[in-house]
Amino acid sequence: MTDDTRTPTPEPPETPDDPEETLSHEATLRYQEMIRSARREWTQQEERGDASVQLSARAMDLIKASVRAEVRHGRQVEMPPTPEGPYSLSELALRTLIRETVDAVPGVRALRSRVDHAEPHGERLSRGRPVRIACRITASRRCRDLPALAETVRGAVLEACERELDLSLPAVDIHIEDLHDDDTA
Amino acid sequence: MMTTPPRITASELVEIVGALPGVRGIEPGIGSALRTIDARIRRAGEGAVHYGVVIDPEGGTITLEVGLERGAGPVREIVALLQRTVREAVTGDLPPDTVIRVKVQSLT
């Protein structure tokens, strides 16, 4: 006996009125039906002793690792194209670039950064080009001119975006959130 | 209309891309990883997709997912070199207006 006899296919819920919601609703129903169908097929294959339905341990590890990588990378952020074609940077890679640029300024440590984006033009779920970067930093207690230090950090981030990405940002905000002793930062 | 599959394979492009200076390695997202496994299971289109490299002749695109090396040069220059190299590698196999799209997944 298969599971299907124990759990009959449920009646589909009523279709919503909103056309966009209807499309999403239909996609959800198709997805659920696909899962039901796959489960039926796999259960029957397993009952027949057919091992073809099993993925290798290596393939399973790859899937798990790629899911974790996807979460780590975040979304893709559109960048100005090179002369050879389009490219994008993951949110992770962009944060790395900002953090390392900020950390390279003497007496400064990066804490967090936030990026505001323009409307995306490319793939679904991608983010548009950055239009504003806000950096929260901690500064050395030895610093005697914090406004000048903030200006140095702002310049470094702007210069890195221009040099590395050909990206001209309209705004970089610097917020000094804390002061640190040089040997403990 | 069916498009003739290119002679160069995604697996060969992985080798070419991985050998470029400034490229740390191929770094696939979940999409290309699943497409690769799907192609292997179905034993169809295996040449067009490999972890991190997807050749789509009908869509006129090649998508590359890579991790780059920090300090090896400006990101956009490494990306442009990568695009140029891949374009040269597929010359004759794919139309010259094929879009080479690069996704930089990490900088390490």
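For strands and helices I used the DSSP runs (H or I of at least four residues for helices, E of at least two for strands), numbered from the N terminus, and I took two strands as paired if DSSP finds at least two bridges between them.

Before going on I noted that this is a predicted model, in which local features need pLDDT of at least 70 and side-chain atom pairs count only at pLDDT 80 or more, while totals for chains, interfaces and linings use all residues. Residues are numbered from 1 along each chain as its sequence is written, and chains are lettered from A and ligands numbered from 1 in the order in which they are written.

**Entry 1: the partners of β5(B)**

I looked up the strand on the chain A side and found that β2 of chain A (residues 87-90) pairs with β5(B) in the parallel sense over 3 bridges; A:Ser88 is another residue with a partner there, namely B:Lys103. Within chain B, strand β4 (residues 61-68) runs parallel to β5(B) and is joined to it by 8 bridges, and one of the pairs is B:Leu68 with B:Leu107. Between β4(B) and β5(B) the chain passes through helix α3 of chain B (residues 75-90), and this β-α-β crossover is right-handed, which is to say that, with the strands pointing away from the viewer, the path from the first strand over the helix to the second runs clockwise.

I then asked myself whether β5(B) is enclosed or open. Of the 9 residues in this strand (residues 99-107), 8 are buried, so the strand is largely enclosed by the rest of the structure. Here a residue is buried if 20 or more other C-beta atoms lie within 10 Å of its own, exposed if 12 or fewer, and partly exposed in between, with C-beta atoms placed from the backbone.

**Entry 2: the side of chain B that touches chain A**

I found 24 residues of chain B in contact with 27 residues of chain A, a contact being two residues whose C-beta atoms, placed from the backbone, lie within 7 Å. On this side of chain B, α2 (30-42), α3 and β5 each supply at least two residues, and the largest share, 9 residues, comes from β5(B). By type, the residues on this side divide into 13 nonpolar, 4 polar and 7 charged; Ala, Val, Leu, Ile, Met, Phe, Trp, Tyr, Cys and Pro count as nonpolar, Asp, Glu, Lys and Arg as charged, and the others, Gly among them, as polar.

**Entry 3: the hairpins of chain B**

Strand β2 (residues 49-50) of chain B runs antiparallel to β3 (residues 53-56) of chain B, and 2 bridges join them; B:His50 is partnered by B:Val53. This hairpin has 2 residues between its strands, and in it B:Gly52 takes a positive phi near 85°. I followed β3(B) onward and found it paired with β4(B) in the antiparallel sense over 4 bridges, with B:Val53 opposite B:Leu64. The hairpin of β3(B) and β4(B) has 4 residues between the strands, and there B:Gly60 has a positive phi near 70°.

**Entry 4: two residues of chain A**

I placed A:Ala110 in strand β3 (residues 108-117) of chain A, where it counts as buried because it has 20 C-beta neighbours inside 10 Å. Beyond four places in sequence, A:Ala110 is in contact with A:Arg99, A:Val102, A:Asp103, A:Cys135 and A:Ile137; A:Ile137 is 27 residues away in sequence but 4.6 Å away in space, C-alpha to C-alpha.

A:Asp166 lies in the loop between α5 (146-165) and β5 (171-180) of chain A, and its phi is near 60°, a positive value in a residue other than glycine. With 16 other C-beta atoms within 10 Å, A:Asp166 is partly exposed.
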